[in-house]
Amino acid sequence: MAALKEPSGAGRESEIPRVLVVGGGYVGMYTALRLQRKLGRDEAEIVVVEPQPYMTYQPFLPEAAAGSISPRHVVVPLRRVLDRCTLVIGEARRIDHTRRIAAVATLATEEEGSGELLLPYDHLVIAPGSVSRTLPIPGLAEHGIGFKTVEEAIGLRNHVLEQLDIASSTRDVEVRDAALTFVVVGGGYAGVEALAELEDMARHAVRYYHNVEADDLKWILVEATGRILPEVGEEMGTYAVRELRGRNIDVRLNTRLESCEKRVVALDDGSRLPARTIVWTAGVKPHPVLSRTGLPLGDRGRVRCAATLRVDGTDNVWAAGDAAAVPDLASDDPEALCAPNAQHALRQARVLADNIVASLRGGPLSDYRHAYAGSVASLGLHKGVAQVYGRRLTGYPAWFMHRAYHLSRMPTFNRKARILAEWTLSGLFKREIISLGSLENPRAEFELAAGAGRKPDAP
């Protein structure tokens, strides 16, 4: 791969057009992958900027948290997949489209104190994804746990198993009750699937605790609206509520979290619940870098695009996925926009890449048009709901369809084979119930030993 050259002003030494892809998630990775397959090395240089050297397949995070899939198998190494692209591990801080330059902070620039790396471009793909949407709720920043990255998923798994250890070893009734109370805020895909998978895992794990029973666990789902899983339709959402409540999960609709200070969950229905686990999955918002691009933004902070996925008012800036407000040509409503979900993101990436190729070669552009096929959601092992092409499925068939669909969308044969092998083995052997919480602070033991050596009176 060619070394990156910092620009002198706005110019570049190379005459080969540079396509700069900001973000290595669904849209970023699939766009770059398609571009490297369709473009010759002398047609364009493809540069991908992403804070992590991997793409996380988020629909599998709940299964990774439950131990059904190894964490390393729900991520795709970008260097291996994008072998003809130049990968810059860093974060785009701002974009000056007038000069066609992106300012990127990398680990090297932070170590050197040399300022941001300036990357010029000829075509720009805006695909930074989204970030968790939080609210100014007292105690949320201190005690809340997110569920958007693989690190958060594995941290949550370790945390839940740690609470079982605390409950099993304490004689304090209040500490025990708080440890066995798990509150999930948000009734979308992430919240429902995370709660369902973790509840399954915890219910299996308590078999190995002599003084903790499955009935001792208190799982609470808090949703501000009157339904959960709106993507699968009202009927399937109602079924999902019945299924969860049938497992003694407390589903509270039309309820909001008011506070979680001192690990006491206060809801607007008057409930106060001591809880050591508060999972926040109440929505996402566009990445903050969009506000520092100078590009036209819609009401919800997403970049306004045409149906060709070209940003309004530009000739060489493109966007898709969570970052883009794309007209939904399949809808009867002329003002309708495509939902910012994975299904649209994967398909938009193909059209976006093809349109960049067409633009470089002087060909016509294509509009993005895709009718929504439906949705699938897991409710734990062997349980699920689905609405696909108007057909409604529940239970095992829906769960099987959920796995089959997402396995088919998982990038690379390598990852598909590894996940399928893990599913096969998990059907033959029992779940693992090991907590590796020390992974989150691997130097703690050494620091304690080194500190004790220097200060004998240290605790």
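**Buried and exposed positions in a predicted model**

A336 counts as buried because its relative accessibility is 16% (buried, under 20% relative accessible area; exposed, over 50%; partly exposed in between; 1.4 Å probe, protein chains only). The structure is a predicted model, in which local features need pLDDT of at least 70 and side-chain atom pairs count only at pLDDT 80 or more, while totals for chains, interfaces and linings use all residues. Residues are numbered from 1 along each chain as its sequence is written, and side-chain values use heavy atoms, with hydrogens and water left out.

A336 lies in the loop between β21 (324-325) and α10 (342-361) (helices, H or I, at least four residues, and strands, E, at least two, are DSSP runs numbered from the N terminus). Residues up to four places away in sequence not counted, A336 touches V326, P327, D328 and S331 (contact, heavy atoms within 4.5 Å).

The average pLDDT of the protein chain is 88, and 94% of the residues score at least 70 (pLDDT, the predictor's confidence in each residue, from 0 to 100). Residues 1-11 have a pLDDT below 50, and this stretch has 24 contacts in the model beyond near neighbours in sequence. Where pLDDT is low, the predicted coordinates should not be read in detail.

The largest nonpolar core has 115 residues (a set of buried Ala, Val, Leu, Ile, Met, Phe, Trp, Tyr and Cys residues joined through side-chain atoms within 4.5 Å). The residues with the most contacts inside this core are L20, L82, I126, W219, L229 and V385. Neighbours within four places in sequence aside, V385 is in contact with residues including L229, V232, M236, L379 and L393. Another core, of 15 residues, lies apart from the largest one and includes L140, V183, V265 and A282.

A167, in helix α6 (residues 150-169), counts as buried because its relative accessibility is 0%. Residues up to four places away in sequence not counted, A167 touches R176, A179, L180 and V212. S68 is placed in the loop between α2 (61-66) and β4 (75-77) and counts as buried at 9% relative accessibility. Beyond neighbours within four places in sequence, the contacts of S68 are E63, R403, E422, W423 and R431.

F429, by contrast, counts as exposed because its relative accessibility is 57%. F429 is in the loop between α12 (413-428) and α13 (444-454).
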